[in-house]
Amino acid sequence: MYILRIVFGIVSVLLFSILIVGQTKSQPANSKLEATLRKLDLEAALAIQEKDEARIAKFFTKESVTNNPRNGLTLGSSGVIEAARAGVINYHSLDRNIESVQILGNTAILMGNETVVMVGSDNGPGETIRRRYTNVWMRTGRDWQIVARHANIICR
């Protein structure tokens, strides 16, 4: 009986040690991935602000869906590009503040707030709009892309 207690104690300590080591090894990988996703999210915002069609297509999947702040849906990277071409997306500036990053396997959810200043008359600053946003990123092959987005204007 005494030997069983000793064996049980040793096994418990070993299992606990393995769990601790496993957790500390995965955290740096997650923090590195989180930093990458934060960078990508800000780059995607810049691509939209600059109306860079190639980069928009890189960041949004063809099947993505955006619940846009105009109470409608924007479908696919082509829908985002068309909105930019039509001047619906026409920002003098876009400032994004990422508040939360959740990584769930090959999916990541980034949430926060953003402030956009619309292009006004003579291409100068226009109306300032504050909104909440959620971007859902998914690993597609070797890259991460936005598969879903929700943005809503904060009541004035």
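In what order do the six strands of the open sheet lie? They go β2-β1-β6-β5-β4-β3, with mixed pairing. Keep in mind that this is a predicted model, where local features need pLDDT of at least 70, side-chain atom pairs count only at pLDDT 80 or more, and totals for chains, interfaces and linings use all residues. Residues are numbered from 1 along each chain as its sequence is written, and side-chain values use heavy atoms, with hydrogens and water left out.

**The sheet**

- Strands here (E, at least two residues) and helices (H or I, at least four) are DSSP runs numbered from the N terminus, and two strands pair if DSSP finds at least two bridges between them.
- β2 (72-75) and β3 (91-104) sit at the edges with a single partner strand each, so one side of each has no neighbour in the sheet.
- From one strand to the next, the twist averages 20°.
- Angles run from 0 to 180 degrees between N-to-C directions, using axes fitted to C-alpha atoms (for helices, over the stretch in contact).

**Strand pairs and hairpins**

- β3 and β4 (residues 107-119) run antiparallel and are joined by twelve bridges; Y91 stands opposite M118 in β4.
- β4 and β5 are antiparallel too, with twelve bridges, and V116 faces I129 in β5 across the pairing as its opposite residue.
- Their hairpin has five residues between the strands, and D122 in it takes a positive phi near 55°.
- β5 pairs with β6 (residues 143-153) in the antiparallel sense over ten bridges, with T134 opposite H150 in β6.
- In this hairpin there are two residues between the strands, and G141 has a positive phi near 75°.

**Helix on the sheet**

- Helix α3 (residues 76-85) lies across β1 (60-68) and β2, at about 60° to β1; contact means heavy atoms within 4.5 Å.

**Rings**

- Searching the whole structure turns up one aromatic pair (Phe, Tyr and Trp rings, the six-membered one for Trp, with centres within 6.5 Å; planes under 30 degrees apart are stacked, over 60 edge-to-face, the rest tilted).
- The pair is edge-to-face because the rings of F59 and W137 have centres 6.3 Å apart and planes at 80°.
- It links distant parts of the chain, 78 residues apart: F59 is in helix α2 (residues 53-59) and W137 in strand β5 (residues 125-140).
- F59 counts as buried at 2% relative accessibility, and W137 does at 0% (buried is under 20% relative accessible area, exposed over 50%, partly exposed in between, with a 1.4 Å probe and protein chains only).
- R96 lies over the face of Y133, 4.5 Å from the ring centre (NZ of Lys or CZ of Arg must be within 6 Å of the centre and within 35 degrees of the ring normal).
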